[in-house]
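Subject: Structure handover

Hi,

Please load it before reading on.

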Amino acid sequence: MPLRNTDQTYGSVTRTLHWLTALVILTAIPLGIVANNLPTDTDAALRTTAILFSLHKTLGVLAFMVGTIRTLSTVIQPKPTALHPDRPVETALAEAVHWVLYLSLILVPLTGWAHHAATTGFAPILWPFGQTLPFVPQTQATADLFESLHWLFTKVLAAAIVFHVAGALKHMLIDKDETLGRMAYGRAPVEPIQQPQRQSRAPAIAAIVLYATALGAGTLMGQSPVAPQQTELVTPTSEWQVESGTLSITIRQLGQDVTGTFADWTAAITFDENATARDMGAITATILIQSLTLGAVTEQAMGPEVFDATTYPTADFEAVIVTNETGFAADGTLTLKGRTVPVNLPFFLELEDDRAIVSGTTTLDRRNYGIAAGYTDQASLGFPVVVAIELQAVRGP
């Protein structure tokens, strides 16, 4: 049995790649659908969902590799002559569906892989080669773009599979020809097809145009996500004005650190470096919970089980600035999700004239605020939450 295709049938290489691709794709798709619809409100549910997503992503990487080889094999090998050269329209449509499938085998898993690489945490790819991709930054905008493209491209793939299977059934049940036999067993037609197959570029061009349209639509979707309405915080008048800074949190989920940042927060600060008393100033900060991006679990974090951002849209930190053994600390309380808990935030201060650079970290226990109370096992979601802040501020008039 030949390894390469002939003008009458498919070789063993093409047939093996065809059925391997079908097996991987038709396993990965149901895994993704099931994982997307499973609850994640308990430790066991979260672990089950993560395992299914990891399997889905790992099969996706395998599908990309097999699909790429399958497509290259199609390009460099001869294609068997169409069994019905007297049906040019039907043959062209079948060829177009094949090209849509070839592009899908590359683009669907690649966009899913890129979406995974653009986020942090939750359901890793099960291999030892890392979770990131070159030229794919870990930003929310990048993740949104590839999430939209992956979602739309999967719909194109699903439609192409339906047409492909429907065509195969037609050949088997209605035409009763050797189409399925050529791909399943490498059988050649009983009577060789003498008319040479016309190699038209139109089906491939049609498939490229279809995917170019889907790419444009997916890009627009990714750039214009439908987001819940957020209240923009008003910058308070303060002795010290914050010019720039970052406020981040880091949690440990399923053995991986996941870091998120708040895009909208304000701070009113008083500070006198010449004060002789232990209390050298005060800080009042407000954080908009809905401005948090937390890798792949941002949407989950906004829900009632975690931050309940709809009921408790902000967190409030009030503290006095005191000296300690290593420098300074903001000693006060944090009100989050309706609970007020004492918090001490040590920080380092670089002061030059009327400009200050501050950096500090502290660790909170999420259980004190009723955060993710359903997760009682640290293997699923750790109890500590590391809060880090960096800011630059200038003294106002």
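This is a predicted model: local features need pLDDT of at least 70, side-chain atom pairs count only at pLDDT 80 or more; totals for chains, interfaces and linings use all residues.

Numbering starts from 1 along each chain as its sequence is written, and side-chain values use heavy atoms, without hydrogens or water.

Overall: the protein chain has seven helices and 10 strands (DSSP runs, helices H or I of at least four residues, strands E of at least two, numbered from the N terminus). The C-alpha trace spans about 100 × 45 × 35 Å along its principal axes. Of the 397 residues, 43% count as buried (under 20% relative accessible area, 1.4 Å probe, protein chains only).

Helix pair: α4 (residues 140-175) and α6 (residues 202-223) have axes that come within 8 Å and cross at roughly 140 degrees. Axes are lines fitted to C-alpha atoms over the stretch in contact, with angles from 0 to 180 degrees between N-to-C directions. Contact means heavy atoms within 4.5 Å. Among the α4 residues that meet α6 are W151 and F153; the α6 side includes Y211 and M221.

T14 is buried, at 2% relative accessible area. Leaving aside neighbours within four places in sequence, T14 contacts N5, R70, S73, Q77 and M183.

Best wishes

Note on methods: Buried means under 20% relative accessible area, exposed over 50%, partly exposed in between (1.4 Å probe, protein chains only).
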